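Dear colleague,

Please find the structure below.

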Amino acid sequence: PLTGQRKMLYSTGFENGPLPAELVKALPQVRKNGLLPLVYNVVPIPNSRQFAVVLGGNVYTANGYSGLIEIFEEGNPRFIASYQLEDQPDRWSVVDPSGRTWLMSLGAFGVRTVNVRTGELLTGFGKQPSDIQAMAFSPDGRLALILAGDGVLRIYAARTGELLVTTAVLSDGGWLSITPEGFFSSALGGEQVVRV
């Protein structure tokens, strides 16, 4: 960051690391159709020297690389793992503090957690009301926080996907938090938006 000098080049070339068997079969056809792998996002993996690279395809053709993930280790130009997800993760994705669980939005499949190193689907949080604005884990990794485009923050149990609290911010700056059971807390005046 101080000099701009390139220190390492990490290659997404598919001869450059281990690929799942289904990708080994599919990629020659994808390449034949003129699709180029493009780096869509890079996500650091906490508590490790590793990072995940999300690949996408050429925007002008069918996306044969949709949901393709490669894991690199700092200092190693070859990727050490690769897998493909059901859909292309959007730009909002985050790995929990332990470095094991990845929270991501997978388009039509909604928000999910997956195993960072294998791509195994772990927990579903359902389709959110509109585009994701931000996502995070609590510092202990037990809670998943999702801020959707409707301006509502939903807090889930990260392991089970159970909705715990929904918080809405009102136009006058007030707020209201409510549980699925109907218990709520609010800033002064926030109770006015509760209807029974």
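A residue counts as buried under 20% relative accessible area, as exposed over 50%, and as partly exposed in between, with a 1.4 Å probe and protein chains only. By this definition F72 is buried, with a relative accessible area of 1%.

Please note that this is a predicted model, in which local features need pLDDT of at least 70 and side-chain atom pairs count only at pLDDT 80 or more, while totals for chains, interfaces and linings use all residues. Residues are numbered from 1 along each chain as its sequence is written, and side-chain values use heavy atoms, with hydrogens and water left out.

Rings of Phe, Tyr and Trp (its six-membered ring) pair if their centres lie within 6.5 Å; planes under 30 degrees apart are stacked, those over 60 edge-to-face, and the rest tilted. The structure holds five aromatic pairs. One of them joins Y10 and F51 edge-to-face, at 5.0 Å centre to centre and 90° between the planes. Because Y10 lies in the segment before α1 (21–32) and F51 in strand β2 (residues 50–56), this pair ties together parts 41 residues apart in sequence. Helices (H or I, at least four residues) and strands (E, at least two) are DSSP runs, numbered from the N terminus.

F51 counts as buried at 17% relative accessibility, and Y10 as partly exposed at 25%. Y10 and F72 also form an edge-to-face pair, 5.6 Å centre to centre with 75° between the planes.
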